[in-house]
Amino acid sequence: MERVYIHLNQILTLKSAHIKDGRRLTSDDLDVIHDGAVVVKEDRILWVGRSSDLPLEFKQIQSINLTGHVLAPEIVDSHTHLVFGGDRSNEYADRLNGTTYEEIARRGGGILFTMGETQKLSADDLFEQAKAKITTITTYGVGTIEIKSGYGLSYEKEKELTLVIDRLKKHFAPKIKIFNTYLAAHDVPRSFTTSRQYLDEVVIPLLKELAPLKVIDAVDIFHEKNYFTDQDTQQLFQLARDLGIPRKIHADELNTNNGAEIASHFGALSADHLLKISDEGIKQLAASSTVATLLPGTAFFLGKPLAPARKMLDQGVKVALASDFNPGSCHCDNLLLIASISAAQLKLNQAELWSAITLNASHALGLKDQGAIIPGMKARFTLFKADSLSQITYHWGKNLAVSLP
Ligand SMILES: [Zn+2]
């Protein structure tokens, strides 16, 4: 049975952005239809165009009038760490008052605190708390959410976290799509002497145990100095490739250390952060299918300079934006707010901005059948109560998203 939505003030189709694979976009690549209509059959887009051009066969169907609304491809948050326990609000307050991150870590704060609090929660508690967070995020119009494990940091707890994410995925499907990323290699717990030892005893054997269950959508690793080495990353990526599991990487955030290059080499879905990406890294990303996922919320929160987005975009890199929602370095769950504010700093045009949180963010999860409103694509949308697209990014932090009738 078809559904017909008619008289939308604007439909953001991103048709040419889709044709251009989300690269080198000009503001014309938004491809907005004014007074638009869209026809959906089951989970696919059947037709899109001006309301006045609606084919006769669809005119006979009872349509839903959406005057006063804007329809966009679904917003996708392709990088979150939202399954965690505890509250670290005091750390931000302390940092504003002059305490350094190192001092906070020394007195038991930071990721080790989150690990401890996550350990204390049962699988059911973790599920319920994450469910509430996801429910809030969906009210901003986000329909696909990537969630990483990584605050368990022991064999049993990491296994539990991956299975909790799988439970969330089943709970929210099909309306909300959850993408399950295995990030056991998030940090090296103090009980291990080297990253290698932790990889050999936890990360690799657990991946081998979980892979046959088909619950993992991608593996990820915190490839940074004093965390995981080139060799660790290559070993994990090689195994993932052999198991047919896509790769993602936390890359070049704290230091320039070839994260983008390793991502390109292994055909990773995305390389994320990239505050300190090298010129060679930019060149290699531009020549690859790997998406550069920037997380400006984290740089804001930590008071760091943002990633060199303009340089990457001008060289043809496919750029996405994500929230990085996590308890430590970015406790903001609202991707559209982050994107609206950071677009001016990152110097994105409107097409780059919207592609970064829809089309390109979908590609960062390997989802090639969503992110544009064109026939044949998945009917995954975000609807806004607004007269125009520009109103949406103009109203920083005002939530204009509404559910589709
Ligand atoms: Zn992250």
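In which sense do strand 1 and strand 2 pair, and over how many bridges? The views below start there. What you're looking at is a predicted model, where local features need pLDDT of at least 70, side-chain atom pairs count only at pLDDT 80 or more, and totals for chains, interfaces and linings use all residues. Residue numbers run from 1 along each chain as its sequence is written.

View A. Strand 1 (residues 2-12) pairs with strand 2 (residues 32-41) in the antiparallel sense, over 8 bridges. Strands here are DSSP runs of E with at least two residues, helices are runs of H or I with at least four, and both are numbered from the N terminus; two strands count as paired if DSSP finds at least two bridges between them. To get your bearings, find Val4, whose bridge partner in strand 2 is Val39. Strand 2 also runs antiparallel to strand 3 (residues 44-50), joined to it by 6 bridges. Here Gly36 sits opposite Arg50 of strand 3. Strands 2 and 3 make a hairpin with 2 residues between them, and Glu42 in the turn has a positive phi of about 50 degrees.

View B. The protein splits into domain 1 (2-74 + 370-402) and domain 2 (75-363), with bounds from an automatic or database domain assignment. Domain 1 puts 27 residues into the contact and domain 2 puts in 25; a contact means C-beta atoms, placed from the backbone, within 7 Å. On the domain 1 side, helix 1 (15-19), strand 5 (70-73) and strand 14 (381-384) each give two or more residues. That side divides into 11 nonpolar, 10 polar and 6 charged residues (nonpolar: Ala, Val, Leu, Ile, Met, Phe, Trp, Tyr, Cys and Pro; charged: Asp, Glu, Lys and Arg; polar: the others, Gly among them).

**View C. Helix 8 against helix 9.** Helix 8 (residues 195-210) packs on helix 9 (residues 230-243) at about 10 degrees, axes 11 Å apart (axes are lines fitted to C-alpha atoms over the stretch in contact, with angles from 0 to 180 degrees between N-to-C directions). The two helices are therefore roughly parallel, a label for angles under 35 degrees. Contact residues include Leu199 and Val203 of helix 8 and Leu236 and Leu239 of helix 9.

**View D. Around Leu82.** Leu82 lies in the loop between strand 6 (75-77) and helix 3 (89-96). Why is Leu82 classed as buried? Because 22 other C-beta atoms lie within 10 Å, and the cut-off for buried is 20 or more, with 12 or fewer being exposed and anything in between partly exposed. Leaving out residues up to four places away in sequence, Leu82 touches Ala130, Lys133, Ile147 and Phe325.

Definitions and conventions: Two residues are in contact if their C-beta atoms, placed from the backbone, lie within 7 Å. Angles under 35 degrees count as roughly parallel, over 145 as roughly antiparallel, 65 to 115 as roughly perpendicular and the rest as oblique.
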